[in-house]
Amino acid sequence: MTSATIKLHIGNALPPGNQAESARVISLWKTIDGFFKHKPFVAMAGTNAQSGEYQVSLDASALLTLMEQAVSNAGSFDAYATKQGADSSLPMDAALIIAVNRSGTALTELESYQLVSVFIQQLVLACNISLPGSIQILDARFDGDGAHRYEAQAFDSRILFGAMKAANYNEWPVLPVQSFERVWQWLETCETSCTDTALKNINKVLFTLLKVAEQRHEYSARTVLLVIYQLEVLLDCRQAGNHDLLHARARSVLGAIPEQSNCLRELQEVRNNLFLASQPVHRPPLICNTTADVLRGQIGQHNSAVESGSAMVLALLHDLIKHDAQCYTFSESWKRA
């Protein structure tokens, strides 16, 4: 059996959260830290490669230590981040250590980093489906043999955290914390880690969810496009401009949609305006601790629509997981009159 160990150093590792939310995130990461101990992982480690069987172990103890120290110091992740803005000596960095191995031929350096990248993406999906906004990988780099040849991906997940906040504020849809183990098992049945190009609709949605998780303070038309795409693929409704059908199918799965959460028409209108080149385009902002508040009032940012739409995507995924399904099949009835 051959093995490789790669450290992912995260310069900004603390996700957002008030006192209650911080406690839930710590509880989830305690589960994650104990879950990956020589865990079987089937993945495609390389473009156009064949899927292989590996074992993966994850050591998240450094991240857990940071989270627990932040709560001990300030009461919550949000309060700690505010304190750190005035005191740069307070740490915000942590590391995830990923060990991979397999039987048979030796792991190449490239294969090891590709496999770890796929694993991290799967971890980002599982965390954000289990508890939206519970993972943050910013200012990241790999440490290990040959690490200078590979670039670690960044995931903010702020939009998905905003989706959870919007769902709680509007009291719809209900987004309870999901069992991490069940979510991971469901992702395995979707074979998300076994392809680089999504062909199944569920993987189109999940790969797009990763792109949403990459967004930094970005609620513009580009993000709207990602969100409405997920909803239309999940609800098998890709007919252009068919708002009524999309709304009816969403309602048939999720129940009555409260007015304050009904973002479908706005999402579709913004998407259409984007293709007509009538949407404003903003300069990428300077990221700082006040960026989110400043941008919320900016014209052309679609905060409520993006957050409510993402909440609907997460609720639909929760429903599929609950029923061990990967897609919806709709059949509209008709009669002669």
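Helix α9 passes helix α10 in a right-handed crossing, a crossing being right-handed if the near helix is turned clockwise from the far one by less than a right angle, and left-handed if anticlockwise. The contact is made by His243, Asp244, Leu246, His247 and Ala250 of α9 and Leu264, Arg265 and Gln268 of α10, where contact means heavy atoms within 4.5 Å.

This is a predicted model, in which local features need pLDDT of at least 70 and side-chain atom pairs count only at pLDDT 80 or more, while totals for chains, interfaces and linings use all residues. Residues are numbered from 1 along each chain as its sequence is written, and side-chain values use heavy atoms, with hydrogens and water left out.

Helices (H or I, at least four residues) and strands (E, at least two) are DSSP runs, numbered from the N terminus. Helix α9 covers residues 243-254, and its axis lies 10 Å from that of α10, at an angle of about 140 degrees; axes are lines fitted to C-alpha atoms, for helices over the stretch in contact, and angles run from 0 to 180 degrees between N-to-C directions. The two helices are therefore oblique to each other, since angles under 35 degrees count as roughly parallel, over 145 as roughly antiparallel, 65 to 115 as roughly perpendicular and the rest as oblique.

### The sheet

An open sheet is formed by 5 strands in the order β2-β3-β4-β1-β5, with antiparallel pairing; two strands pair if DSSP finds at least two bridges between them. At the edges stand β2 and β5 (138-143), each with a single partner strand, so one side of each is left without a neighbour in the sheet. On average, neighbouring strands of this sheet are turned by 30 degrees against each other, direction ignored.

| Strand pair | Sense and bridges |
|---|---|
| β2 (residues 39-43) and β3 (residues 52-59) | antiparallel, 5 bridges |
| β3 and β4 (residues 94-102) | antiparallel, 5 bridges |
| β1 (residues 2-12) and β5 | antiparallel, 5 bridges |

Within these pairs, alanine 43 stands opposite glycine 52 in β3, leucine 58 has isoleucine 98 in β4 as its bridge partner, and leucine 8 stands opposite phenylalanine 142 in β5. Helix α2 (residues 61-74) lies across β3 and β4 and runs at about 160 degrees to β4.

### Residues around the helices

Arginine 271 lies in helix α10, which spans residues 264-275, and is buried, with a relative accessible area of 10%; buried means under 20% relative accessible area, exposed over 50%, and partly exposed in between (1.4 Å probe, protein chains only). Leaving aside neighbours within four places in sequence, arginine 271 is in contact with Val224, Leu225, Ile228 and Glu232.

The loop between α8 (221-234) and α9 holds cysteine 237, which counts as buried at 1% relative accessibility. Not counting residues up to four places away in sequence, cysteine 237 touches Glu232, Asn242, Leu245, Leu246 and Arg249. Aspartate 236 lies in the loop between α8 and α9 as well, but is partly exposed, with a relative accessible area of 45%.

### Backbone features

Most residues other than glycine have a negative phi, and most peptide bonds are trans. Aspartate 236, although not a glycine, has a positive phi of about 50 degrees. Histidine 38, in the loop between α1 (19-35) and β2, has a positive phi near 55 degrees. Tryptophan 172 and proline 173 are joined by a cis peptide bond, with omega about -15 degrees, and proline 173 is found in the loop between α5 (158-170) and α6 (180-190).
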